[in-house]
Amino acid sequence: MAATTTTAPVAGPLTRVRHWASGFRHRDTWWAFAFIAPWLFGFIVFTAGPMVASAILSFTDYSIIQTTHDVGLANYRSIYDDPYVLKALRNTLLWTAMYVPSDMILSLFLASLLARIDRLGSIFRTIFYLPVMTPTVAVGITYLLLFNGSYGLVDRALAIVGIHGPAWETDPHWIKPGLVIMLLWSVGSNVVLYLAALKNVPQHLYEAASMDGASAWRRFKDVTLPMISPTLFFTFIILTIYCLQVFDQVYTAFYYNPGVAGGTSGDATLFSVIYLFQQAFVYFHMGYASALAWMLFGIIMLVTVVQIVFSRRFVYYEGEAR
Amino acid sequence: MSGRWKRVGVALALLGLLVAVVTTAASARPLSKGSSKATTLNIMGFGTNGDDVAQSRFALAKAAIAPDDVSAPNGGFNDQAFLAAVASGSPPDLVYMDRAKVGTYAADGALQPLTSCISSQHINLKQYRPAALSQVTYKGKVYGIPEFFDVRTIIADYSVMQSSGVTLKQMNTAHPSTLLAAAKKMYQHNGSQVTRIGFDPKLPEFFPLWAKVYGVDILSADGLHPHLNDPRAIKALTFAYSLIKAQGGYNAFLTFRNTWDFFGSDNQVAKDQVGAWPMEDWYVNVLAGSSPQVHTLLIPMRTLTGKPINYTSGSAWAIPKGSKNFKDACTWARTMTAVSTWVAAAQNRIALRKKSGGVFTGLRTANIDADRAIFKLQPKINSWFDQNVKTLAGVMPYSFSIPASPASAEFQTAWMNAVTRVLQGQQTPKQALDQAQTEAVKAIKAASK
């Protein structure tokens, strides 16, 4: 039997514009705009303006002081020919693939532990969150101290259990894993988010699952994960964007010596934003750096869209029809 | 009660405002009244918080431009701030920067040639060391007045040499195999960990010095033609890397080096953690302060033919394009680098060291005449220390530098990354330097357009 459905008439663009404009007849609308005006001003001047400027500059050979010429798509063609762009992109994607799941799994694990603690919960929440407040530059310096191969605290700890630790700071194969471990200490913000999500899972769902004989793993897989999937998805997107833009800690740890323009770790920590920064502020190839910035923007946008499309299969929002 | 506090608050605010207005007016008065023609020289990269040598020269230069005033905010030269200032049409009148950057900024048109400054102030260019002058000369024009002059020699820990049975004759870069044997003798380890580096070639930073040992300049005198994959440069890197390979390999070697207390009293020399390594002369000053009792020897680096060499770098004064106070800027640069100024600064330091019981380790400048005069003032300390000061002075005439280039930062990145790739075992010296040569040629070509 064919189902009969009635659909509401879809408003055309003109109707929507008229509807939006009609709002300005109300005094409250003006007040609302007055309140958000400072933010709008800041956004236009400090975000949208520079974005438009960099889009224009990406088609020039702007280098701050020399005469600027239009170069058409030459900067974008140079990106294609520049082997370091591919190297930086490969490093960035590899680092992202290593960090994002590690952060999410560890955060969820810690949040699950915290969810079971009643009395000292707030103290532990504070302890886990404290590293988030640490300046990223300090994290970079701490990395050098903790992860010194042979003599750092990490390798000394490994030596106690009979493991000869790697050279985290100099061996190109271990630099990225070392950075992942180092940055994992600031998982606190995600722990807090996951904890809130875990506490919002209705208890009766667990009770029903238990009555049906579901094991702890099944309860986690079929109740917890779907119910907290919007939060997981949110952090997945945010972490991915953060990783694709990683800069401060790596720059502090490996590019701190102003006399060493190329850094001290070779190509192993040449991430996309580091390369972009070098082109812009070490070599002053502002036009090329702008093109690199837009390439990175495009990649982040693409990755995010792909994530959103795939999320439809995995993310469950309460109240929505599946 | 609250009304009373409100009145007190308002009264205090008004009083504060009054004080601010009066103070501002008072401080503005001399400018508007007494010296209507007096101007201010704006300097970038050289503040007033330097050491005694900087401060005594600052005072003399300030007197030289009087009644004009000087504004010199603390903090080193900042490329981004400088370029932004030039681009916005309000550059500083004078900048103090690394000589290695002068060529790039000259090629970009951010600096102006000092031809008229040199002639109007009767600055004798012959008094400056050629290696320093070549760093500030671009396409035949001088863009900077050279100031300090780094000297790089081998610093050897005498007690390590003695205990390892290494003689001074063996610490000679003219004989690589002998040096390698000496390095192995001084090197110590406890299984997987390095506990003492015998000889640290100081890679990647000192690669230009090793290339020169093997007889090649990595950049042509005009700064336009890199010689990074010259067979001699490849041999130099191969040898310098072999020193590291023979002493635990790069990872163990570098991780140990990173643990050194470089500026403290437990430094690597005081703790016998290193036998010898090439280093800038400023570190002699550090050692004199942190561990004066440690017996060190300074040994010149030599080419394979036995000629002493010094890889130098240093600072310079330059005048940006659009400087609004060219005359004062020029006077300042001349005064800061004049023989009499250097001598006065040296005398002041000698007096200060005498007062505090410290050691005067000399000043090494880009001005040959100043160095001669300062050397005469050098007090005798002890036989080995006096010999070290003589060694530094003796090696200065054999100096070379990386010439001014329109793409100095890109050039440096190319060879530094190449050496790092070799150290990390990713490429052979030939592969790495071939790649660096291609990158450097491309960067210089692009910057020369």
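A crossing of two helices is left-handed if the near helix is turned anticlockwise from the far one by less than a right angle, and right-handed if it is turned clockwise. This is a predicted model, in which local features need pLDDT of at least 70 and side-chain atom pairs count only at pLDDT 80 or more, while totals for chains, interfaces and linings use all residues. Residues are numbered from 1 along each chain as its sequence is written, and chains are lettered from A and ligands numbered from 1 in the order in which they are written.

Q: Why are α2(B) and α14(B) called oblique to each other?
A: The axes of α2 (residues 52-65) and α14 (residues 339-356) of chain B come within 9 Å and cross at roughly 135 degrees. Axes are lines fitted to C-alpha atoms, for helices over the stretch in contact, and angles run from 0 to 180 degrees between N-to-C directions. Angles under 35 degrees count as roughly parallel, over 145 as roughly antiparallel, 65 to 115 as roughly perpendicular and the rest as oblique, and α2(B) and α14(B) are therefore oblique. Their crossing is right-handed.

Q: Which residues make the contact between α2(B) and α14(B)?
A: With contact taken as C-beta atoms, placed from the backbone, within 7 Å, the α2(B) side includes B:Asp52, B:Ser56 and B:Leu60, and among those of α14(B) are B:Ala345, B:Asn348 and B:Leu352. By class, the contact has five nonpolar, three polar and three charged residues.

Q: How do you know whether A:Phe284 and B:Lys139 are buried or partly exposed?
A: A residue is buried if 20 or more other C-beta atoms lie within 10 Å of its own, exposed if 12 or fewer, and partly exposed in between. A:Phe284 has 23 such neighbours and therefore counts as buried, whereas B:Lys139 has 14 and so counts as partly exposed. A:Phe284 is in the loop between α13 and α14 of chain A, and its phi is near 60 degrees; B:Lys139 is in the loop between β4 and β5 of chain B, and its phi is near 50 degrees. Most residues other than glycine have a negative phi.

Q: What makes α11(B) largely enclosed by the rest of the structure?
A: Seven of the nine residues of α11 (residues 249-257) of chain B are buried, so the helix is largely enclosed. The buried residues, including B:Tyr250, B:Phe253 and B:Phe256, pack against β9 (193-199), α10 (231-245) and α17 (408-423) of chain B. Helices (H or I, at least four residues) and strands (E, at least two) are DSSP runs, numbered from the N terminus.

Methods. Contact = placed C-beta atoms within 7 Å. Nonpolar A, V, L, I, M, F, W, Y, C, P; charged D, E, K, R; others polar.
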